[in-house]
Amino acid sequence: MKQILILSAIAVSITFASACSSSPETATTNRTTTTNTTAANTATVNAANTTKADETPATIKAVFPDAQSFTTQHKDVPADKIASIEKDTSSKVPDKDHHSYLAFSTAGGARKQIGAATIVKAEGRDVIIVYDNKDGSPVIKEIRSEGVPAPFLAQFAGKGHDDDLLLGADIKTSGANEAQAKAITEAVRVDVLTMQALYGAAHKH
């Protein structure tokens, strides 16, 4: 009987030690996932501490052919920023958990960010927004969406949160049908303001 009790106590202590051996950094880093494009480094750890495959979509990787790794950012949009964005755009912020994909290159031996991208939904289709940085604020480099006329998408290049991005004003339908053009323009406006709220530097207008 004494041997059974001793073995039980040992088993409990081993279980507790095992549970405490998890990295304390997991809780603070699980909203940022870094993934390498090499076969040996595609596994990542999610919030539940389970291994999962590279979560960067292939469509995003195609935008950055020179990138060797990607970091997926999950950031909560503050409630006051959501209210401000919805007031400015008259559109709903689709989710307070905003996802963006940061692309990195190690060319020349130094790791540096070469761009960022997001994916928004408009009329059931994916719209990829590629961002550059200008004076500390995200600006659109290009937009891609399968089946949408290129002349329409090209109008967004170079625009940021200081631009109205209003259909019929600075954005024309340019070959896209009215409903399609309106949905994409509204989704882009919301995302541009969200990116500025999360990553943009404060500045005077």
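**Aromatic pairs and the overall fold**

Across the whole of this predicted model, a search finds 2 aromatic pairs, where rings of Phe, Tyr and Trp (its six-membered ring) pair if their centres lie within 6.5 Å, and planes under 30 degrees apart count as stacked, over 60 as edge-to-face and the rest as tilted. The rings of F152 and F156 have centres 5.5 Å apart and planes at 85°, so this pair is edge-to-face. F152 has 0% relative accessibility and therefore counts as buried, and F156, at 0% relative accessibility, counts as buried too; buried means under 20% relative accessible area, exposed over 50% and partly exposed in between, with a 1.4 Å probe and protein chains only.

Turning to the fold, the protein has 6 helices and 8 strands, taken as DSSP runs (helices H or I, at least four residues; strands E, at least two) numbered from the N terminus. Along the sequence these elements follow the pattern α-α-β-β-β-α-β-α-β-β-β-β-α-α. Of the 205 residues in the protein, 35% are buried.

Residues are numbered from 1 along each chain as its sequence is written. In this predicted model, local features need pLDDT of at least 70 and side-chain atom pairs count only at pLDDT 80 or more, while totals for chains, interfaces and linings use all residues, and side-chain values use heavy atoms, with hydrogens and water left out.
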